[in-house]
Amino acid sequence: MEAAGQHLRTALARVTGATPPERRSTHLIDRINASGAFGEWLTARGLVDVTVSTHEFRLSMTPEISWLVVTGSGYVAALSGLDEQQTREVRDAYLESLDQAGVNELDATTLIGVGTRSR
């Protein structure tokens, strides 16, 4: 999802004239985005017998799916305050940016962690 967000931020800057964004800062998800780190994080929160499984999934980034990633997620908040014309311009700039960068799939791999709460 990080690539989609970066391309959206770039498209918004292009349409609104804002300063192009820098790379976003590191979030918790970035630190626990691997099975070992996620398992350790769950264990540190008091779970025992922790198992983490990885469910790989890659989503083909057609123009329709690419825009749905924006409008069907928290990224849609970035469009608030834009009129219809600006929203269309952001969509076009976003899709163009993805295309120019060769982004044709989204890694939607998911980690599932399970554990038991110790008493």
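**Salt bridges and a helix pair**

The count here comes to 5 salt bridges, a salt bridge being a side-chain nitrogen of Lys or Arg within 4 Å of a carboxyl oxygen of Asp or Glu. A word on the source. This is a predicted model, where local features need pLDDT of at least 70, side-chain atom pairs count only at pLDDT 80 or more, and totals for chains, interfaces and linings use all residues. Residues are numbered from 1 along each chain as its sequence is written, and side-chain values use heavy atoms, with hydrogens and water left out.

Start with the helix pair. Helix 1 covers residues 2-16 and helix 5 covers residues 84-101. Helices are DSSP runs of H or I, at least four residues, numbered from the N terminus. The two axes come within 8 Å and cross at roughly 130 degrees. Axes are lines fitted to C-alpha atoms over the stretch in contact, and angles run from 0 to 180 degrees between N-to-C directions. Helix 1 and helix 5 are therefore oblique to each other. Oblique is what remains after roughly parallel (under 35 degrees), roughly antiparallel (over 145) and roughly perpendicular (65 to 115).

Which residues meet? From helix 1, they include Leu8, Ala11, Leu12 and Val15; from helix 5, Val90, Ala93, Tyr94 and Leu98 are among them. Contact means heavy atoms within 4.5 Å. By class, this contact has 10 nonpolar, 3 polar and 3 charged residues. Nonpolar is Ala, Val, Leu, Ile, Met, Phe, Trp, Tyr, Cys and Pro; charged is Asp, Glu, Lys and Arg; the others, Gly among them, are polar.

Now the bridges. Arginine 14 and glutamate 96 pair at 3.4 Å, N to O. Arginine 14 lies in helix 1 and glutamate 96 in helix 5, so the pair ties together parts that are 82 residues apart in sequence. Arginine 14 is exposed, at 54% relative accessible area. Glutamate 96 is partly exposed, at 35%. The cut-offs: buried is under 20%, exposed over 50%, partly exposed in between, with a 1.4 Å probe and protein chains only.

Next, helix 5. Glutamate 84 and arginine 88 form a salt bridge at 3.9 Å, N to O. They are 4 residues apart in helix 5, about one helical turn. Glutamate 84 is exposed, at 64%. Arginine 88 is partly exposed, at 44%.

Then aspartate 92 and arginine 91, bridged at 3.8 Å, N to O. Aspartate 92 is partly exposed, at 47%, and arginine 91 is also partly exposed, at 27%.

Last, a network. Salt bridges link Arg58, Glu105 and Asp107.

Definitions and conventions: Helix = DSSP H or I, 4+ residues; strand = E, 2+ residues; numbered from the N terminus.
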